[in-house]
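Please keep the sequence and the model open while working through the points.

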Amino acid sequence: MEFKIAADELKKALYRAQGIVERKTTMPILANVLINASKSGVTVTAFDLDIGIVSEHPAEVMKPGAVTVSAKYVFDIVQTAPEPFVTLKRLQNNYVEITSGPSHFKIVGMAPEEYPKLPREESAPLVKVNGGVLLEMIKKTQFAISTDETRYILNGVYFEPREGGKIRMVATDGHRLALIERELDGDFKLKSGVIIPRKGLFELKRLLDEAPDAECHLGFAENSALFKKPGLTMVMRLIDGQFPEYQRVIPKEGEKQVTLPRLRFLEGLRRIALLSADKSNAVKIRLGDNALRITSHNPDLGEARDDLEAVYRGPELNIGFNARYLTDVLSVVDADEVVFELGDEHSPGVLHAPGDRSYTAVVMPMRV
Amino acid sequence: MPVHRAILHVDMDAFYASVEQRDDPSLRGKPVIVGGHPKRGVVTAASYEVRPFGVRSAMPMARALRLAPHAIVVPPRFAAYAEASEEVFAIFESVTPLVEPLSLDEAFLDVTESQALFGPPAEIARMIRQRIAREVHLPASAGIAAVKFVAKIASDCAKPNGQREVPAEETVSFLAPLPISRLWGVGPKAEEALRRDGLLTIGDVAARDPRRLEDRYGPSGRHLWELAHGIDDRPVVPDREAKSIGAEDTFEEDLEGEEALRPHVHAQALRVGRRLRKAGQKTRVVQLKIKYADFELVTRRKTLEQPTDDGQTIYRAALELFSRIDLGRRVRLTGVSAQDLGEQAQGQLGLFDHLPEPPRRSDRLNAALDAIAARFGLKAVTTADLAGHIRFGDEDDEARRKVGAAVFDSPTARRK
């Protein structure tokens, strides 16, 4: 194998690979990328047995063949290459020579035959999707995904087909929940919802962020998802299990409703959380006539409060929240105002844009 | 309310050894040592017959046996001690709800308000000791004073099988001739420092100017002076729920490296899980304890996102804690414990708390394992890394191995 490629092109592929390859692994080859050169160009594969990305890159191929080398080291080498082009050449015993102008590297590789095979998902019916909308859906739910590995069902986002070609995405960590419903067109032929794992979703977000307007296709086979955009394919294994009955924890309509200027509320929470008593970011909220007060109290530091004008008439309520759970939502809502629906001090708070529940977040209070 | 409080300190005499002598008549009147392994173990308790030879609890067994080669060594039966302790505490609690346990065999009782019912404090102490003798067949001593630490010293002076009252107005003269090491909070280091300054008895401290003591020793200087005058307003704090459940083992030989320690920690984590389930409790804080060969002790703790009673989850947390501990040294003991139990599930409420959550797979597995263990013993089913390597035995046998384990295991755990 021998080919010459633009350093930037190879860098792009290796950068994507960084998020996938496993650094701490019992299988050293999973820290590698598979580089395959053929007449039509070069493909770079990164795979951790759950998520795999294969990308195609134009290159001047002198001799077809394949190698597998450390994703990290080759990325670092290519990133610092002195010339705009690099040449990769396979030597004896799976060594790989990387040259760029005057610099020269000889890197230990492994036999490409040992690289694990990606699952072929020809059967997945691919649906053309609007990358911008998919990106919005991910950004507005991903923060609520649980990182607690003992609750692996919640370690991903629930992707659920609804009536009228709509797709609902739901994420929850058991303390808060984010739900978004958008039109993604096309029929995914899903009988029920599937759970897309956190890591795969982050990679998907990264790929969409690179070029939100590119033509994208998404499809699902039995227990994996397939994503394609020009020059790139991603497969990932889905989380196997039953997502909780999330509908049951979304309150119908809160008895107390207050409309708030989104940015003021967001900034107020951030400020007051500076003095919250522990890592939980606890703040207290007092809702009274046309006023909302955020306070925090820290025995070691002091106390803080912030007052907001709010459109509200009704009984007073004192309730505690993890400010982080609220700011996560407020930073991604598009509207200038948000509606905050509340029940009593032990009932969940609900956030959404005025008159629009297609993006809704539910946050459980804290006992304070 | 009377001007002075009436505090009792009731302490069982050579508790474990007395239980052994009670249950085995052939041991009565003989020098008995309750203790573990003759080489590595320590003396858990020594009967009064063996004390004249210099044998004390916490002394290495090897040394004790050099001092008293004729002593009869019996292995501890913690279940029996826990049972006796339950009975003794039931007697305390029939007198006053203000019982502060210090261990299985001693407690403070605030009987200030009980006097109307049971008479003067010395009478109450006598009644308690008689009931313990009659109902539990064990000797106990009591100290009676207006403050806690004086009551404790008084019971010590009354041993064995006696009681001593120090009226409030006699406190200072009672304390004065005692060595300063009897003051609470004076350890060997502080004792040395005080001795160097010519303070040999509590009376010496009482005679000094408190301001000068404060200048010299900081706030604790003033505190010492107050104690020397019998000023100690710490209240008797009644029993709280068990704060922790744990399991620990001292190894037959010191071990080195994570590989060697892992199966032990795994077995301990599973034991903690079992005990949590038995107690119907869950924990969010897992603590790993390591004692090195040189007796240096380190602990590391991790807070879980979800409360658990699953041994495997506790084990995973303990493994993460390994990375924060120097494992390049020889280790003598490891322990795993569930901490901060019974604390109000304060803070964040859960979305799904009110939904009937489908039982986790681990819950069903644990229920099945517990049922199998109850019927066929702990060895019947275990994880592969433990099979054949780690000693099991029933919970009682397990309890015999370690004081800590037994204390946690027993229903009187909260008395620790």
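Predicted model: local features only at pLDDT ≥ 70, side-chain atom pairs only at ≥ 80, totals over all residues.

1. Overall make-up of chain A. Chain A is built with six helices and 27 strands. Of its 368 residues, 53% are buried. Consider next the contacts in chain A between residues at least 6 apart in sequence: 65% of them join residues at least 24 apart.

2. The largest nonpolar core. In soluble globular proteins, nonpolar side chains tend to be buried together. Here the largest nonpolar core has 97 residues. The members that touch the most other members are Phe159(A), Phe188(A), Phe220(A), Phe265(A), Ile285(A) and Phe340(A). The element α1(A) supplies the largest share of this core, with six residues. Another core, of 38 residues, lies apart from it and includes Ala17(B), Val19(B), Tyr81(B) and Ile128(B).

3. Phe340(A) in detail. Which residues does Phe340(A) touch, not counting residues up to four places away in sequence? They are Lys256(A), Gln257(A), Val258(A), Leu260(A), Phe265(A), Ile285(A), Phe321(A), Leu326(A), Gly349(A), Val350(A) and Leu351(A). Among these, Phe265(A) and Ile285(A) are also named with Phe340(A) as members of the core that touch the most others.

4. Rolling a probe the size of a water molecule over the atoms shows where empty space is left. The structure holds one cavity of 30 Å³ or more, and the volume of the largest cavity is about 40 Å³. Its lining consists of Ala13(A), Arg16(A), Ala17(A), Val44(A), Thr45(A), Ala46(A), Ile53(A) and Ser55(A). Two or more lining residues come from each of α1 (7-20), β3 (41-47) and β4 (51-57) of chain A. By type, the lining has five nonpolar residues, two polar and one charged.

5. Asp13(B). This residue belongs to the loop between β1 (7-12) and α1 (15-23) of chain B. Is Asp13(B) buried or exposed? Asp13(B) counts as buried because its relative accessible area is 1%, where buried means under 20%. The side chains of Asp13(B) and Ser141(B) are joined by a polar contact of 2.8 Å. Leaving aside residues up to four places away in sequence, Asp13(B) touches Ser18(B), Tyr48(B), Pro139(B), Ala140(B), Ser141(B), Lys159(B), Pro160(B) and Asn161(B).

Notes: Residues numbered from 1 in each chain as written. Chains lettered and ligands numbered in written order. Heavy atoms only, no water. Helix = DSSP H or I, 4+ residues; strand = E, 2+ residues; numbered from the N terminus. Buried < 20%, exposed > 50% of the residue type's maximum accessible area, 1.4 Å probe, protein only. Polar contact = N/O pair within 3.5 Å; in protein donor to acceptor, adjacent residues only side chain to side chain. Contact = heavy atoms within 4.5 Å. 1 Å grid on protein atoms, 1.4 Å probe; cavity = no way out; pocket = protein on both sides within 12 Å on 5 of 7 lines; lining within 4 Å. Points joined across faces, edges and corners; volume = space filled by probe spheres on them. Nonpolar A, V, L, I, M, F, W, Y, C, P; charged D, E, K, R; others polar. Core = buried A, V, L, I, M, F, W, Y, C linked by side-chain atoms within 4.5 Å.
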